[in-house]
Each structure stands twice: as structure tokens, then as C-alpha cells.
Amino acid sequence: MSRYPAYRPRRLRRTEALRRLVRETRVVAEQLVQPLFVVPGRGVERPIDSMPGIAQQSVDRIADEGRRLADVGVPAVLLFGVPERKDARGSGATDPDGIVPRALRALREAAPSLVLMTDVCLCEYTDHGHCGIVRDGDVDNDPTLDLLAAEALAHARAGADLVAPSDMMDGRVGAIRRALDGAGFAHLPIMAYAAKFASAFYGPFRDAAESTPQFGDRRSYQMDPPNAEEALREVKLDIDEGADIVMVKPALPYLDIVRRVKDEFGYPVAAYHVSGEYAMVKAAAARGWLDERRVVDESLTAIRRAGADVIITYFAKDVARDLGRR
Ligand code: PB1
């Protein structure tokens, strides 16, 4: 028996004020993270063609960017370093005076309110572009763990507030947790890229980080997109090894995973709205096919509605600025 006309859902849609009163999901600037790409040099601002509005920036420019981000209310940045030299073991990743430690120190001084997060992986530092040491044509899991732990320590010692391993090696969260604890950084949280899929949506990032694999692909370590049960196993592994935040990546094509991870574990969940998701919107908006601001608002709302607490997005600065104006 219909409740109509006693119940008319449209009554609460009549005005924006009524809609806002009963709105169930909100995107707030306090939960947005802006990825940044730091490169060697000075005065460098190198736009990334496939990511309009995003650039590779030298440390001095990253400091300026950090001030701008803090001014518009973005609370956190996620740093990706692109070093001058790359080699087979990604040795730049563990350099205590490497590109990311230098950016951390500059940001701490320029924008002390920012939460400084660092990506922990080797792909930006290796000349083959893989996320770990390669042996016999595949990434050698266990020896890579030591390098990842050393990289996380270098970031911790340079002032990172959180480290985010994106490599997808088995056991890396436990290895990093033990290394941090053993060096006096038991207070430093780990945001694990826990359910990270071997996605075709990462293309533009690989332009930005100059990290395209020189052979093969990342399917022997990043997850197979069709697998949801395996994603829950991956998340549980990382939680058991000490992860404080668990991430699903990419975001929009994996909202079912975000929802299941949140419901299953109740942990803080991050979703990474990746470069390909950003580039698609930018390209369509540039052609007048989509209203960028409305599409971005709807996309981030969907990610929040699926259960994500933290959203890593290249739109963070634009969205925080818009939210500040409302
Ligand atoms: O925005 C993006 O596409 C993020 C890409 C992501 C960064 N953590 C990885 C994707 C990839 O190249 O496989 C980098 C892997 N460490």
C-alpha cells in the first residue's frame, strides 16, 4: 500500500535550503589530500600535459604551493619525488638528502599546518620504472622490503607526518612498521595503499612521475581489477601488519570495494581519485562536454558516500577553494 500522498519525498527537495538541511553526505576540505610532484632544480614549474593544472615543481615552488594550499584550507599533501638520477635499485629513494626529504623540510617551514604525507615506493627512482628490485624479469619482493623501510625512515627523519607505501609488495607494511618503531617513530602513522589495482587509470601519473615500467607491467604485484574478496584479504593483511589508514585505489571504478572495506573493518579508509580520473574530467570539461565543478563535486560526494574518510585528489585545491567560498 503506497504511503503516497501522505508521504511526498519531493517536499524536502523544494528548495536548496531544505535539501541542504537533510543532505546525508558532505565533502569537507578537512578530508582532502593534494598530491604534489617534486623535482630537482630551482624555479622549476613544469606543467604535465595529461594533467592540466598540475605541474612538476622544484622544492622552492613546492614551498610556495604548500602556502597556497594551506591558505585555501587543504589540510594535507602527498609527496611524490622525481629524482635527477635513476638506477636499478632506486637508490635515490633512501637518500636522507633526497628530493622528498628536501621538500619535507621546505614545506615544514613554509606551511607548518600541513599534514606532510609521503609516497613510499621505488618506481619513481628506478631506471626500469618498477616498484621494486627486479630479478629474473620480475619484482623481487623480499629484498625490496628493506629498501622501502629505509625510504620510509628517510622520510620520517626528514619530518614526514605519515608514510604511504604504494608499492604493493607482500609484507611491506609490517617491514615499515618495524623499522619505524625500531628507530623511535612508533608515533608515525602508515596509510597503506592496501587494495591497489593494476589499473589503466594511472597513465597520466606515469607522465608526471616519469615512472612508466620499461618492460612488462605491474600485474604481478598490483591487484587484479575483478577481485573483491582478495581486496578484503589484502586490507586485513595490512591492518594486521600495522596500517592506520587503508586505501582503495583507484576510487570511482572501485566504490564497491570502498564500501565493503569500510563496512568490514571500520578503519579510516582513504580513496585515491587517480590521475586518469582527473584527466578524463579535465579533457571533457575543456571540450565543453561536462561541467567540471559539478562533475567533481558529484564524484567526490560519491567517494564519500561509499564510505571513504580521506580523499586523495588532484582537485583538492580547487574544491577546498570552492568550499571556502560557499
Ligand atoms: O594518480 C595516479 O595515477 C597514482 C598512481 C600511483 C601513485 N601511487 C601509482 C600507479 C602506478 O604507476 O602504478 C604509482 C605506484 N607506486
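In the predicted model, helix α4 comprises 17 residues, spanning positions 141-157. The distance from its first C-alpha to its last is 25 Å, close to the 24 Å expected at 1.5 Å a residue. Helix α4 is largely enclosed by the rest of the structure, because twelve of its 17 residues are buried. The buried set consists of Asn141, Thr144, Leu145, Leu147, Leu148, Ala149, Glu151, Ala152, Leu153, Ala154, His155 and Ala156. The elements that cover these residues include two helices, α3 (99-110) and α5 (172-182), together with the strands β5 (115-120), β7 (138-139) and β8 (162-165). Gly159 follows α4 and adopts a positive phi, near 110°.

Helix α3, which is among the elements covering the buried residues of α4, also contains Glu109. This residue counts as exposed because its relative accessible area is 70%, above the 50% cut-off. Between Glu109 and Arg67 the C-alpha to C-alpha distance is 9.8 Å, although 42 residues separate them in sequence.

With a relative accessibility of 4%, Gln34 is classed as buried, since the threshold for burial is under 20%. A polar atom of the Gln34 side chain lies 3.3 Å from the backbone oxygen of Tyr314. Tyr314 is also one of the residues in contact with Gln34 once neighbours within four places in sequence are left aside. The other contacts from that part of the chain are Thr313, Phe315, Ala316 and Lys317.

Helix-helix packing is illustrated by α9 (residues 275-286) and α10 (residues 292-305). Their axes come within 10 Å and cross at roughly 155°. The two helices are therefore roughly antiparallel, as the crossing angle exceeds the 145 degrees required for that class. The crossing of α9 and α10 is right-handed. On the α9 side, the contacts involve Val281, Lys282 and Ala285, and these residues meet Glu292, Val295 and Val296 of α10.

How values were computed. Residues are numbered from 1 along each chain as its sequence is written. This is a predicted model: local features need pLDDT of at least 70, side-chain atom pairs count only at pLDDT 80 or more; totals for chains, interfaces and linings use all residues. Side-chain values use heavy atoms; hydrogens and water are left out. Buried means under 20% relative accessible area, exposed over 50%, partly exposed in between (1.4 Å probe, protein chains only). A polar contact is a pair of N or O atoms within 3.5 Å; within protein, one must be able to donate a hydrogen and the other to accept it, and residues adjacent in sequence count only if both atoms are side-chain atoms. Contact means heavy atoms within 4.5 Å. Helices (H or I, at least four residues) and strands (E, at least two) are DSSP runs, numbered from the N terminus. The expected span of a helix is 1.5 Å times one less than its number of residues. Axes are lines fitted to C-alpha atoms, for helices over the stretch in contact, and angles run from 0 to 180 degrees between N-to-C directions. Angles under 35 degrees count as roughly parallel, over 145 as roughly antiparallel, 65 to 115 as roughly perpendicular and the rest as oblique. A crossing is left-handed if the near helix is turned anticlockwise from the far one by less than a right angle, and right-handed if clockwise.
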